[in-house]
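I opened this notebook to keep track of what I looked up, entry by entry. The structure comes first, and my notes follow.

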Amino acid sequence: MARAPFELAGITVKPGTRAQIDVPVAKLYTHAPLDIPVEVVHGRQPGPTLLVCSAIHGDEINGVEIVRRLLRSRQINRLRGTLIAVPIVNIFGFVQHSRYLPDRRDLNRCFPGSESGSLGGRIAALFREQIVDHATHIIDLHTGAIHRTNLPQIRAQLGDAGEETRRMADAFGAPVILNAELREGSLRHYAQTRGTPVLTYEAGEALRFDEWAITAGVRGVLRVMRRLDMLTGEQRRRKPPAAEVANGSSWARAPIDGILRPKVRLGARVANGQVLGKVADPFGETEGEILSMADGIVIGMSRLPLANEGEALFHIARFDAIEEAESAIETFQSSLEPPPDSLY
C-alpha cells in the first residue's frame, strides 16, 4: 500500500519528496509578513515524525546551523518516516539578535499558547497547531544565554514514564544528561505532558557559531534518527561512550561586584571548595573567591569578565559516578576539533 502524503500548513508533500514551507506567523509594523521557515522531508517508507527545531530563543543560533547541515546530509535522502526541520522558530528575536519577542516575552514560556493572547501566546499556539502536534518525537536545539556557554548536554525528563525519551538521550551521544524537571510554558513541558518524547540539546553560546557544539549536534540528531530506525546503514564513527546522568546541578555565584578571572575550564572536574575563579575590583584591592559547592563537572560558565554580586558564573553538575562522567567528557572533547577548552 502506498504511503499517504504529508500535509502541513495546507501544503501537501508526497512520499519520497521534500518541500520548503513558509508558515505565516505575524506582520511587522509596516504590514510586511513574517513566516516561520519549515522544510519537510517525507520518506517513502513509514516511520516516526521527528521535529527538529531551533531558535525558540532568537539569539541561540548554533541550532540554525545544525538544522542546515542536517538537511544537507545525504543520509536524509534514504529517510524512513518524516522529518520536520524548523531552523528559526522565534523569527522576531532572530531578526533583532534577541532572545525574546518584541514585547520582551520568552516564547519558550508561552506554550501551549492562545489564538487570542499576547504575541507570544499567538505564535506558540500557531507553532503548536501547525507544526508541533504533527510530531511523534522532538529535538529542541538551544545554547547558553547571552555571555554564557554550555558544555554539550541533553536535558530531558527521565524515569519510568520517559523510557522513549531516555532511549533518545542515550543515542544522542552528548557527554552529560541532566534529568531536568519540566518548566511550565516551555515546548518541552507541552510536548512531554501530551506523551511526545522530547530532548533539549544545550551547547555553546548565544549569537555565535561554536563549531564543536554544531558538530556534536549534527552527529547527535543523526544518531537519534538511527535509533528511531529513520535512517538505514551503520554509523561509521566509533560509538560514543555512554552519557552520565547528573543527579543535580547548581550555579556558583559572584561573591562581590567586580572583574572575573576564571581558574577552571568548561568541562573541568572540580572538587567541593575548589576555587573556580576570583572577582576583584579594577585595582585588585578587594577580591572574592568563587568556590565550588560540590564535587562535579563544569557544564556551563560565564563568558563575560564583568560580574555583579550574586550573578551566576559557573554551572556545576553533580554525579554519582564522577570518574565515569569525567572520562566521557574527555573522550567527547577529544573527538571534536577544536575542543571547548578556552577560559574565554
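Entry 1, on Phe314. I looked up its surroundings and found that, not counting residues up to four places away in sequence, Phe314 touches Ser250, Trp251, Ala252, Leu260, Pro262, Val264, Leu276, Gly277, Ile290, Gly300 and Met301, where contact means heavy atoms within 4.5 Å. I note for all entries that this is a predicted model, in which local features need pLDDT of at least 70 and side-chain atom pairs count only at pLDDT 80 or more, while totals for chains, interfaces and linings use all residues. Residues are numbered from 1 along each chain as its sequence is written, and side-chain values use heavy atoms, with hydrogens and water left out.

I looked for nonpolar cores, meaning sets of buried Ala, Val, Leu, Ile, Met, Phe, Trp, Tyr and Cys residues joined through side-chain atoms within 4.5 Å; buried stands for under 20% relative accessible area, exposed for over 50%, and partly exposed for what lies in between, with a 1.4 Å probe and protein chains only. The largest core has 66 residues, and Met225 and Phe314 touch the most other members. Helix α6 (residues 211–227) gives this core its largest share, nine residues; helices (H or I, at least four residues) and strands (E, at least two) are DSSP runs numbered from the N terminus. A second, separate core holds 39 residues, among them Phe6, Ile61, Ile131 and Leu187.

Entry 4, on a sheet. I traced an open sheet of four strands in the order β16-β15-β13-β18, with antiparallel pairing, two strands being paired if DSSP finds at least two bridges between them. Strands β16 (287–291) and β18 (306–307) stand at the edges with a single partner strand each, so one side of each has no neighbour in the sheet. Strand β15 (residues 275–280) pairs with β16 over five bridges, and Ala280 stands opposite Glu287 in β16.
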